[in-house]
Amino acid sequence: MPNGIRMWLITRYDDAREALADPRLRKDAAALREGLQRAVTTPDARVQPAELASHMLNSDPPDHTRLRRLVSKAFTPRAVERLRPRVEEIAAGLLDRMDGEVDLIDAFAYPLPMTVICELLGVPERDRDDLRAHLRELLARPFRAGDDPTERDRSVAGVVERFSALIEEKRAAPGDDILTGLVQARDQDDRLDDVELISTCFLLFLAGHETTVNLIGNAVLALLTHPDQRAELLGNPEVIDRAVEEFLRYDGPLNFAPQRVTGEEVTIAGVTIPAGELVAVAVSAADRDPAEFREPDRLDLTRDDGPHLAFGHGIHYCLGAPLARLEARIALARLFERFPEMSLAVQAEDLRWRPLPLLRALDRLPVRLGPDAG
Ligand code: HEM
């Protein structure tokens, strides 16, 4: 990896699907930390901060089952469907404010999922920008050459402090939100400890906004650079559900699923990986595997092969998938209804991707909203 951490990559569809559900590839936070320490190849490399790592995505059963169950009710398809009117309202409000030429990430793709996840969690508006800034720092730091470890510790401390303060507020004044539910599970039933509580807030906040923003951004870019597919969507708006699955496959938000560690020697596709090694499943590569998808490099909104692996597979299958789908379907449908003539305001080759190995994320997406705009 660009930050000097050595990992095995699994890239074929069948191998990837099997690996994602293989219990010998462990997620346990302590085992991962040890694996990371062994995999470090340069003095610059950093391992993930222990204070924020004790969550379901870094656990095996039974801890995984316990931590996931605490919040899973809020993310079922039925619970998420109830959010539809509010997601529509947020999307409409953002579209009303757009005019002329805008950065689509900043004006639309980012604030929509960010507002939704913050309202669900109970993160007040005054904390949102600060938390985002701290998290951006935290994500970018390990990939910056010569980064100062004390600065990284400061970013971690900033995030921990913010969430601790919020937790205290929920204790004093409970709300109808996920953070309040977690605080009550901590205080009344002792179902998770303090580090798990903060880590879970961090995971839900991060996963809830840093991913869907890229699904929307990458989908808009794909439509603006494939006029035939955009015409298909404009002509048949009912293809939106299938189209979102194709956007997830074609250019999904994650390059790979966050790493696992071999709990024992494991042989995958004839390759033996020793115990204690880090393994990343490259879902982006698997989703372009010609053995699984016909003409995998072609964007085809009506394709019926798959399913894609963009949300993972097995017990860690994305908890937020129903929410991400709802947000992306509403966002893309309403955006192209409102601005059917939208076009790129720069050359596609000049667009910059954020220098993060995990995320497939545009930095900015400048667009012209209409032919007469600007
Ligand atoms: C398009 C957007 C999204 C994509 C592509 C995505 C992708 C993924 C993937 C691939 C995993 C599995 C990771 C692994 O096996 O290592 C995952 C897990 C997870 N995702 Fe998402 N995600 C998205 C949106 C969301 C949203 C909106 C939330 C809301 C909170 C969310 C919360 C989670 C959580 C909590 C997990 C951990 C589940 C577990 O360990 O049991 N995700 N996601």
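View 1. By class, seven nonpolar, one polar and two charged residues make up the lining of the second largest pocket (nonpolar covers Ala, Val, Leu, Ile, Met, Phe, Trp, Tyr, Cys and Pro; charged covers Asp, Glu, Lys and Arg; the others, Gly among them, are polar). This is a predicted model: local features need pLDDT of at least 70, side-chain atom pairs count only at pLDDT 80 or more, and totals for chains, interfaces and linings use all residues. Residues are numbered from 1 along each chain as its sequence is written, and side-chain values use heavy atoms, leaving out hydrogens and water. A pocket here is an open set of points on a 1 Å grid over the protein atoms alone where a 1.4 Å probe fits, with protein on both sides within 12 Å along at least five of seven lines; lining residues have an atom within 4 Å of a point. Among the lining residues are W8, D15 and I273. Strand 1 gives the largest share, three residues (strands are DSSP E runs of at least two residues, helices H or I runs of at least four, both numbered from the N terminus).

**View 2. The largest pocket.** Helix 5 (84–96), helix 7 (111–121) and helix 8 (125–140) each bring at least two residues to this pocket's lining. That lining splits into five nonpolar, two polar and six charged residues.

View 3. T200 sits in helix 11 (residues 194–209). With a relative accessible area of 2%, T200 is buried (under 20%, 1.4 Å probe, protein chains only). Leaving aside residues up to four places away in sequence, T200 touches S54, H55, L182 and L192 (heavy atoms within 4.5 Å).

Conventions
Buried means under 20% relative accessible area, exposed over 50%, partly exposed in between (1.4 Å probe, protein chains only).
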